Amino acid sequence: MLLKEYRICMPLTVDEYKIGQLYMISKHSHEQSDRGEGVEVVQNEPFEDPHHGNGQFTEKRVYLNSKLPSWARAVVPKIFYVTEKAWNYYPYTITEYTCSFLPKFSIHIETKYEDNKGSNDSIFDNEAKDLEREVCFIDIACDEIPERYYKESEDPKHFKSEKTGRGQLREGWRDSHQPIMCSYKLVTVKFEVWGLQTRVEQFVHKVVRDILLIGHRQAFAWVDEWYDMTMDEVREFERATQEATNKKIGVFPPAISISSIPLLPSSVRSAPSSAPSTPLSTDAPEFLSVPRDRPRKKSAPETLTLPDPEKKATLNLPGMHSSDKPCRPKSE
């Protein structure tokens with residue numbers, strides 16, 4: 001298990017970001033989805049938790065097959081996806097990722113939002129007071145993102161909001177900018193496989209960090225699109241976009257409920273709470289790759305010749321004789 005705490009500041013207030021994060025997740029998911037690939041929304045409905053109160057439950061499937069390297073596509077099911085379950089009690093949320101094909105793998109993200117510049121060192125004392133963790137600040141203006149995701153229109157150093165006048169952030173902006181808020185995210189990654197655990201958990205944290213950076217940059221860069229929205233309006237945008245996204249990836253749209261009472265009582269479905277999050281998408285780490293030019297096993301037959309049924313001949317395997325030893329699989 002590898003635990004890290006990420007702190008991402010935004011030139012917004014917590015109340016403003018309640019709308020912004022819902023808008024950003026829906027739009028980003030739709031942009032990143034294509035037929036057979038992307039984010040399918042399975043459930044999106046309100047519910048009530050006895051401890052946290054009213055919230056919103058979402059379940060999604062993130063389809064990743066084409067984003068896997070060839071060696072992985074050879075061993076995973078043709079339809080491969082990661083399940084995301086989220087319970088949003090904004091400004092307190094939790095998101096969980098699991099994969100039935102990898103039962104020893106999971107990501108748990110607990111989030112709290114506060115109107116400050118990331119200065120609360122005890123925000124997770126109730127959840128992880130005695131657990132060792134690294135604190136990582138993410139700067140949406142100055143931290144580098146992977147080149148393939150860069151868009152000048154989404155760069156906070158260049159973007160300036162027409163509706164709020166905020167933007168064109170410079171180095172050190174967090175020290176003086178008003179308003180300012182911080183997303184505190186406690187991220188636990190587990191991959192309990194001997195020999196690979198440390199490297200895979202470190203790699204997944206790198207992916208998570210990139211996703212958090214990109215998502216928060218987009219939430220601010222799209223501020224003029226969502227700034228005047230009400231909660232009812234952003235929920236309607238979310239519903240319509242989710243149905244369009246499901247159709248885009250080739251699945252039937254689910255019955256998405258925004259205002260109805262949940263089918264199951266909260267006592268049956270109590271679970272970690274979480275906001276929706278950006279689709280998980282990246283290439284496999286280099287240390288999990290295999291050489292492209294693998295030597296062919298010389299003992300394997302090039303062809304398989306079937307007998308003519310009229311001649312009732314025996315099965316003939318070219319290159320095999322009675323004295324040949326059987327081909328054994330190469331021990332890894």
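Aromatic pairs number 10 in this structure, which is a predicted model. As a reminder, an aromatic ring pair is described by how far apart the centres are and by the angle of the planes.

**F47 and Y89**
- The ring centres of F47 and Y89 are 5.8 Å apart and the planes meet at 70 degrees, so this pair is edge-to-face; the cut-off for that label is over 60 degrees.
- F47 belongs to strand β2 (residues 38–49) and Y89 to strand β4 (residues 81–89), so the contact ties together parts that are 42 residues apart in sequence.
- Both F47 and Y89 are buried.

**F159 and F220**
- F159 and F220 also make an edge-to-face aromatic pair, with 5.4 Å from centre to centre and 85 degrees between the planes.
- This pair links distant parts of the chain, 61 residues apart: F159 sits in the loop between β7 (134–138) and β8 (181–191), while F220 is in helix α4 (residues 197–221).
- F159 has a relative accessible area of 13%, so this residue is buried, given that the cut-off is under 20%.
- F220 has a relative accessibility of 0% and therefore counts as buried.

**A cluster of rings**
- F47 and Y89 come up again here: together with F57 and W87, they form one aromatic cluster.

**A charge over a ring**
- K27 places its charged end over the ring of W222, at 4.3 Å from the ring centre.

Notes:
Residues are numbered from 1 along each chain as its sequence is written. This is a predicted model: local features need pLDDT of at least 70, side-chain atom pairs count only at pLDDT 80 or more; totals for chains, interfaces and linings use all residues. Side-chain values use heavy atoms; hydrogens and water are left out. Rings of Phe, Tyr and Trp (its six-membered ring) pair if their centres lie within 6.5 Å; planes under 30 degrees apart count as stacked, over 60 as edge-to-face and the rest as tilted. Helices (H or I, at least four residues) and strands (E, at least two) are DSSP runs, numbered from the N terminus. Buried means under 20% relative accessible area, exposed over 50%, partly exposed in between (1.4 Å probe, protein chains only). A charge sits over a ring if NZ of Lys or CZ of Arg is within 6 Å of the ring centre and within 35 degrees of the ring normal.
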